[in-house]
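Please look over the sequence and the structure below before reading on.

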Amino acid sequence: MNKLKYIITLIASVSVLLFISSCDQEDPLTPETDKYVTFDRDGSVIPSRIQFSKDMIYFFRLSFDSNYLPEDSISVLAYFTSGTDTVSIDLYDDGIIDDSLRNDLAASNNIWSGGINAQSYPAEGDWRLNIESVNGENLIKEYEPVEGIRVRSNTAPDIVSVTGLNENDTLISGFKTRNIVVKVEDPDNDAAGYNDNQTLRLEIRNRDNIPKDYEFTRQNPLSDIVFQLDSTLAAGLKTNNRYNLTFIATDYYGESDSLKLDFIRIENLPPTIVSTEHPDTINTAEQGVFWIRSLINDPQGRLSYQDIERVMITINMLEYELLDDGDFITSGDETENDGLYSIGFSYNQGASGTFSFSITAYDKAGNISEIYQSAIVLSAKNSKNINTGNDNETYYNYIDPFKLK
Ligand SMILES: [Ca+2]
Ligand SMILES: [Ca+2]
Ligand SMILES: [Ca+2]
């Protein structure tokens, strides 16, 4: 296998060489002076918070752009410094992951990886990561060091209280917006603005439903985390008495505290079709198009990114979807996300008959609206076409459900 790969590589290299030398007569090998290697800070993963004296491995991943070949055997030398202290870290580009400090995903891709145990740092402080490309003992390039890798003792955050929501609460369908105040203490936060517990997660769980999560950011390190929960919280959640809502505060070091509120009832009621617009009769003396639009409501949000799963019309025994996507040419909907769901239909010249149709809205909790039923009469009269729906169908991409089979 390796031999075959070698031969293929050799053939490919020879053809490239021949091609280049036929284009111009210069030496095709990259001269030593044209070789480059640069450090790509944005493509690298460098932890900025390390918990002092904790028995935990932090992984670093340093990315480079380079035209050096593997056989040039250049490598990366990295070490941390703080004052007179130095701590080295071994980095690899060999694709090996083991249960020690090696954690490289792919060999020879110029991404050098390795881990360091937080207990390797002899003191707290802001450490600097120094990075060099080397060839054995020889320095090829030294990069701008990465500053501010904070190695500090840490205390886990503590969720002291949650107000605005209690165990055994009922969140009725369409509940009034609630202010939630979460008091989180973390002694590592300070008045100088150091903010050590930035994220608060809310996990809504019930064994019958898919998980639903929210995330909030703490703006001020010394004040409470305040946010609002509105009735769209229940979008996609079926009515049930046994929800638990868990708040999880996590600090920069990855330590967290959680507070669970159990036995919360969440209700989700079906959508309603508020009104529907459509022509009652259509003169098919000429071919044309018309639109059907339904205004939908739902206590958990009437939009498709809220609780509306789909709005369907059945006409001439076929089912189609009304959309709120603002794509007039293909769905006939004029404005995206206004709760007005639309469909455009085309019809042929001379089409005739009475077509009953029904519209049903479905929410993401599996609730179904009451059905709207009506009918459209198509007939060809030899008079000038004056009905409102008629238009030049060639502009639109609508289906014709009235064709004779
Ligand atoms: Ca902390
Ligand atoms: Ca609903
Ligand atoms: Ca719309």
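This is a predicted model: local features need pLDDT of at least 70, side-chain atom pairs count only at pLDDT 80 or more; totals for chains, interfaces and linings use all residues.

## Nonpolar cores

The largest nonpolar core holds 27 residues, and among these Phe-60, Leu-62, Phe-64, Phe-80, Tyr-121, Leu-129 and Ile-131 touch the most other members. At least two residues of this core come from each of the strands S1 (37–45), S3 (57–66), S4 (75–82), S5 (85–89), S6 (111–117), S7 (125–135) and S9 (146–152), and the largest share, 4 residues, is supplied by S3.

In soluble globular proteins, nonpolar side chains tend to be buried together.

## Aromatic pairs

The model contains 21 aromatic pairs. One of them is formed by Tyr-214 and Phe-216, which are stacked with 6.3 Å from centre to centre and 10° between the planes. Tyr-214 is partly exposed at 23% relative accessibility, whereas Phe-216, at 13%, is buried; the cut-off for buried is under 20% relative accessible area.

The pair of Phe-290 and Phe-345 is tilted, with 5.8 Å between the centres and 50° between the planes. Because Phe-290 belongs to strand S20 (residues 288–297) and Phe-345 to strand S23 (residues 340–347), this pair ties together parts that lie 55 residues apart in sequence.

## Charges over rings

Arg-102 lies over the face of Tyr-92, 3.8 Å from the ring centre. In Arg-310, the charged end sits over the ring of Tyr-362, at 4.0 Å from its centre.

Methods:
Residues are numbered from 1 along each chain as its sequence is written. Chains are lettered from A and ligands numbered from 1 in the order in which they are written. Side-chain values use heavy atoms; hydrogens and water are left out. A nonpolar core is a set of buried Ala, Val, Leu, Ile, Met, Phe, Trp, Tyr and Cys residues joined through side-chain atoms within 4.5 Å. Buried means under 20% relative accessible area, exposed over 50%, partly exposed in between (1.4 Å probe, protein chains only). Rings of Phe, Tyr and Trp (its six-membered ring) pair if their centres lie within 6.5 Å; planes under 30 degrees apart count as stacked, over 60 as edge-to-face and the rest as tilted. A charge sits over a ring if NZ of Lys or CZ of Arg is within 6 Å of the ring centre and within 35 degrees of the ring normal.
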